[in-house]
Amino acid sequence: MASRLQIEGDASVLLRVAHSNLKSFATDIRFSLQMSVEAVKDKVWKKCGTSVNSMRLELYDDCKNKLRDLSDDSRPLGFYSPLDGFRIHIIDLDPSSVTSEGWLEDTSLVEKYSISEDEYNKRSGTFRKFKKQMASQNPSAFRNKMSDDYMEDLCTNIKVGDRCEVDSGEKRGVVKYVGRAEALGPGFWIGVQYDEPLGKHDGIVKGTRYFQCPPLCGAMVRPDKVGGYPERDPFEEDEI
């Protein structure tokens with residue numbers, strides 16, 4: 001009888017990864033069944049911020065039933081017989097972890113610098129004064145040359161919830177918003193939640209919330225930067 005530890009070289013499994021402290025964090029990652037539990041921890045810490053030494057992993061099936069703790073770091077993942085669609089739940093054991101108390105999700109906890117309009121107008125060398133000076137020197141350059149319907153035609157086949165690629169496949173994610181964003185400029189914009197923290201915000205842009213997503217996973221891009229999400233190789237290894 002073949003040993004449970006004898007795993008085919010190209011065997012892999014696609015697992016959902018969630019976190020005890022990060023309620024909005026969830027991502028799908030493909031793992032080799034030959035990876036040790038310690039290597040699995042090393043792979044996921046880069047996505048969630050919990051250090052390897054402060055991490056305990058639990059394995060759940062696709063019906064949300066806990067199967068077992070992945071307690072032996074030296075065991076290969078395949079020893080625990082995970083299947084596609086199962087979930088690895090990360091338990092952060094560090095009470096002072098950066099993931100605790102909502103610091104990575106609740107932007108209201110971050111102290112924000114503010115200044116009154118009067119104080120800002122008193123300052124010299126601001127962008128507002130520079131822009132006003134440039135507009136007075138070359139008024140034609142500052143006229144609105146885009147219509148409110150700019151790129152609306154490119155949004156026809158882009159729907160909220162679609163998988164997508166941005167910048168020719170360099171970033172992948174989910175469409176979270178389709179529409180106008182006056183604070184960014186005329187025309188239509190696409191809000192994207194990236195699979196990895198490659199964005200600039202959590203869905204709030206210039207004081208307006210367009211969608212919800214984890215910190216640094218959000219981006220607003222023009223429709224011509226968004227492409228469809230192609231079928232992937234089932235054995236393709238996720239890069240972190």
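## The main nonpolar core

The largest nonpolar core of this predicted model has 24 residues, and those with the most contacts inside it are Phe31, Leu57, Leu70, Leu77 and Ile88. A nonpolar core here is a set of buried Ala, Val, Leu, Ile, Met, Phe, Trp, Tyr and Cys residues joined through side-chain atoms within 4.5 Å. Buried stands for under 20% relative accessible area, exposed for over 50%, and partly exposed for what lies in between (1.4 Å probe, protein chains only). At least two residues of this core come from each of strand 1 (12-19), strand 2 (26-32), helix 1 (37-48), strand 3 (55-60) and strand 5 (87-92). Helix 1 gives the most, with 4 residues. Helices (H or I, at least four residues) and strands (E, at least two) are DSSP runs, numbered from the N terminus.

Leaving aside residues up to four places away in sequence, leucine 57 touches Val37, Val40, Lys41, Asp69, Leu70, Ile88, His89 and Ile90, where a contact means heavy atoms within 4.5 Å. A second, separate core has 12 residues, including Cys164, Val175, Val192 and Tyr194.

Lysine 41 is found in helix 1. Lysine 41 counts as buried because its relative accessible area is 7%. Besides Leu57, lysine 41 touches Val52, Met55 and Asp73, again not counting residues up to four places away in sequence.

How many disulfides does a search of the whole structure find? The search finds 0, taking a disulfide as a pair of cysteine sulfur atoms within 2.5 Å. Cysteine 48 counts as buried because its relative accessibility is 4%. Cysteine 164 is buried too, at 1% relative accessibility.

## Two residues with positive phi

Methionine 151 has a phi near 65 degrees, a positive value in a residue other than glycine. Its place is in the loop between helix 3 (127-137) and strand 6 (163-166). Is methionine 151 buried or exposed? At 11% relative accessibility, methionine 151 counts as buried.

Lysine 206 also has a positive phi, near 50 degrees, and is a residue other than glycine. Lysine 206 sits in the loop between strand 9 (204-205) and strand 10 (208-209). With 66% relative accessibility, lysine 206 counts as exposed.

Two strands count as paired if DSSP finds at least two bridges between them. Alanine 181 stands opposite glycine 185 in strand 8.

## The chain as a whole

The protein chain has 3 helices and 12 strands. Of its 240 residues, 37% are buried. Among contacts between residues at least 6 apart in sequence, 54% join residues at least 24 apart.

## How to read the values

Residues are numbered from 1 along each chain as its sequence is written, and side-chain values use heavy atoms, with hydrogens and water left out. As this is a predicted model, local features need pLDDT of at least 70 and side-chain atom pairs count only at pLDDT 80 or more, while totals for chains, interfaces and linings use all residues.
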